[in-house]
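Please read these notes with the model open beside you. They are numbered so that each point can be checked in turn.

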Amino acid sequence: GFMLHTSLAVSGPETRRVLGVINTEFWVRPELTRRERKQTRQEILNDPANESLVWMDGVRRSEAALAGRARTIHVMDAAADGYNELAELEELGVRAVIRASHDRTVVNGEKNARLFDVLAEAEPLVQRDVPISARKKSPMPDKVHVPRASRLARLHITATPVTIQRSSRASSEWPKTVSLTVVHVIEYEPPEGTVPVEWILLTNLPVLTPADAARVVDIYRVRW
């Protein structure tokens, strides 16, 4: 099908004013043969039709279009949670907030650990009570956006500095580790049988105080 990826400029979380479209990427998703579906890892990384490449294409072209006339923070959803993307953002010196989807290997003292295990041990820095709207059942199968009743959710926000190890799927041209802060939003004691509200956000923004952690969450909320 015909696909469109748009980079939309929005003012900060204080005003959330739409400023305009900076960049668009168009492509057609082809019908793949069985052979093409079984590409090797290196073939996928080198494939110019790899759809994950649109995220960094959008970052580079947006930065070029703005040419230093604005201070940017690139806000991306879980489809951009790739080690290649994280490492390139670091190399470019571009600020970003990305929703995480992978339970990565992180350096934890003298041994390695899993990211989600590290987050589970973090102490909350901020607590918020947030009204959650009701959601109807989707006509299409959807394991993420499940139906729910409206409720008032108590959210805990933590912030944990981590050093992420390069994954086996990432290109070997990137450094072996990338250091970031993970801001974790998790619903405290959700109603029984309810999927808790949860965001795991990767950022290279400085997070030194509870207010910094809350601001990262509010920056990501601009997407909505």
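1. Which residue just after H3 takes a positive phi? The residue is Ala67, and its phi is about 50 degrees. Keep in mind throughout that this is a predicted model.

2. Helix H3 itself covers residues 53-66. H3 is made up of 14 residues and spans 20 Å between its first and last C-alpha, close to the 20 Å expected at 1.5 Å a residue.

3. One part of H3 faces inward. Its buried residues are Val54, Trp55, Met56, Gly58, Val59, Ser62 and Leu66.

4. H4 runs over residues 83-92 and contains Glu85. Glu85 is buried but forms no salt bridge. The nearest side chain of opposite charge belongs to Arg104 and is 6.6 Å away, whereas a salt bridge requires the charged atoms to be within 4 Å. Apart from neighbours within four places in sequence, Glu85 is in contact with Ser52, Met56 and Ala80. Of these, Met56 is also one of the buried residues of H3.

5. Now the nonpolar residues. In soluble globular proteins, nonpolar side chains tend to be buried together. Here the largest nonpolar core has 29 residues, and the members touching the most others are Met76, Tyr83, Leu89, Ile98, Val106, Ile164 and Val182. Two or more residues of this core come from each of helices H3, H4 and H5 (115-120), and likewise from strands E4 (95-99), E8 (151-165), E9 (177-187) and E10 (198-203).

6. How many aromatic pairs does a search of the whole structure find? It finds one. The pair is Trp199 with Tyr220: the ring centres are 4.9 Å apart and the planes meet at 75 degrees, so the arrangement is edge-to-face.

7. Trp199 belongs to strand E10 and Tyr220 to helix H6 (residues 210-221), so the pair ties together parts 21 residues apart in sequence.

Methods. Residues numbered from 1 in each chain as written. Predicted model: local features only at pLDDT ≥ 70, side-chain atom pairs only at ≥ 80, totals over all residues. Heavy atoms only, no water. Helix = DSSP H or I, 4+ residues; strand = E, 2+ residues; numbered from the N terminus. Buried < 20%, exposed > 50% of the residue type's maximum accessible area, 1.4 Å probe, protein only. Lys, Arg positive; Asp, Glu negative; His and termini not counted. Contact = heavy atoms within 4.5 Å. Core = buried A, V, L, I, M, F, W, Y, C linked by side-chain atoms within 4.5 Å. Phe/Tyr/Trp six-rings, centres within 6.5 Å; stacked < 30°, edge-to-face > 60°. Expected span 1.5 Å × (residues − 1).
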